[in-house]
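Please have both at hand before going on.

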Amino acid sequence: LQQQQQRQQDEEEQQRVHHQHQQRLLESPGEASDLRLVVLVPAGGRAMVRVHASALPPPPAPPVRARVLLQPPASSFAARTSKDAAWVAQREALLRRPPRPAGHSNDAVDAGDGDGYGEGEGEGDGESKEEEVLLADPATGEVLEGLSSNFFAVVGGAVHTAPAPEQVLGGTVRAAALAACAAEGVPVIGAAPRLRDAWEGAFLTSTSRLVLPLDAVAGSRLTWTARGRDVVRRLALRVRAVELPQLSSRLLP
């Protein structure tokens, strides 16, 4: 009963943040304070840098779902300190690729029996929309990263995530999440979570999502526990309230 009440509180908090962001955009559509910047740096030729700025989209409303795709990681398309512009088109193609029926290999992994802390992973749920596709190494079953995010799983009370830049492209919010782990005394294992492991919690990090818990990950053994929920909640709160403001104060004059 206590876990159900906490789960409901978590979902209500996510809904509150989602609606708060939408309301702010409606009230001041031309005065968004949070912007997403895309910087294009040419590999050769003219030394011209292009920057595109757009308002950050609101965080997704729960339940938040993802699925695993057996595919070489995104960072294999480019150096792990940046990504080639061609990755944008490749990423969209992977995002649109539908899951295949059971029995197919080297493609989308079908839903496992993990129940998550959301509404579950029910097959045939035509109304659910996946927030992210997670790329896993077909040979090892290691879940490396999302198409536009870094990925973390809580296993045995420790946070597991693929090392950067050895396996994945790092990110600002990823670094903030790792700093939050150190401050909160949460152990970090610099190794990609494996599909065969039992995950007590899972979350994404990215500029637009900050720390985003995943209610369900099709193809994984994600079953939220009280410990996993506590770890992710503490990290999310610290990243938003402490780590990112400190980072901004160091970067801005």
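Predicted model: local features only at pLDDT ≥ 70, side-chain atom pairs only at ≥ 80, totals over all residues.

The report takes up the nonpolar cores, then the aromatic pairs, and at the end one proline in a loop.

**Nonpolar cores**

The largest nonpolar core holds 37 residues, of which L134, F151, V159, W199 and L214 touch the most other members. Helices and strands both contribute to this core, with at least two residues each from β3 (65–70), β4 (130–136), β6 (150–155), α3 (172–184), β10 (201–206), β11 (210–213) and α4 (226–251). The greatest contribution is that of α4, which gives six residues. As a general background, nonpolar side chains in soluble globular proteins tend to be buried together.

L214 gives a detailed view of these surroundings: when residues up to four places away in sequence are not counted, L214 touches V64, A66, L134, F151, A202, F203, L204, L222 and W224. Another core, made up of five residues, lies apart from the largest one, and L94, V133, L135 and L147 are among its members.

**Aromatic pairs**

A pair of aromatic rings is described by the distance of the centres and the angle of the planes. The count of such pairs in this model comes to two, and they are set out in the table.

| Pair | Centre to centre | Angle between planes | Arrangement |
|---|---|---|---|
| F151 and W199 | 5.3 Å | 50° | tilted |
| F152 and F203 | 4.7 Å | 5° | stacked |

Because F152 lies in strand β6 and F203 in strand β10, their pair ties together parts that are 51 residues apart in sequence. F152 and F203 are likewise buried.

**A proline in a loop**

P193 is located in the loop between β8 (188–189) and β9 (198–199). Is P193 buried or exposed? Its relative accessibility is 0%, and therefore P193 counts as buried, since buried means under 20% relative accessible area.

With neighbours within four places in sequence left aside, P193 is in contact with G141, E142, V143, F151, A153, H160, T161, A162 and W199. This list includes F151 and W199, the two residues that form the tilted aromatic pair. G141, another of the contacts of P193, is 52 residues away from P193 along the chain, and the C-alpha atoms of the two are separated by 8.4 Å.

Definitions and conventions
Residues numbered from 1 in each chain as written. Heavy atoms only, no water. Helix = DSSP H or I, 4+ residues; strand = E, 2+ residues; numbered from the N terminus. Buried < 20%, exposed > 50% of the residue type's maximum accessible area, 1.4 Å probe, protein only. Contact = heavy atoms within 4.5 Å. Core = buried A, V, L, I, M, F, W, Y, C linked by side-chain atoms within 4.5 Å. Phe/Tyr/Trp six-rings, centres within 6.5 Å; stacked < 30°, edge-to-face > 60°.
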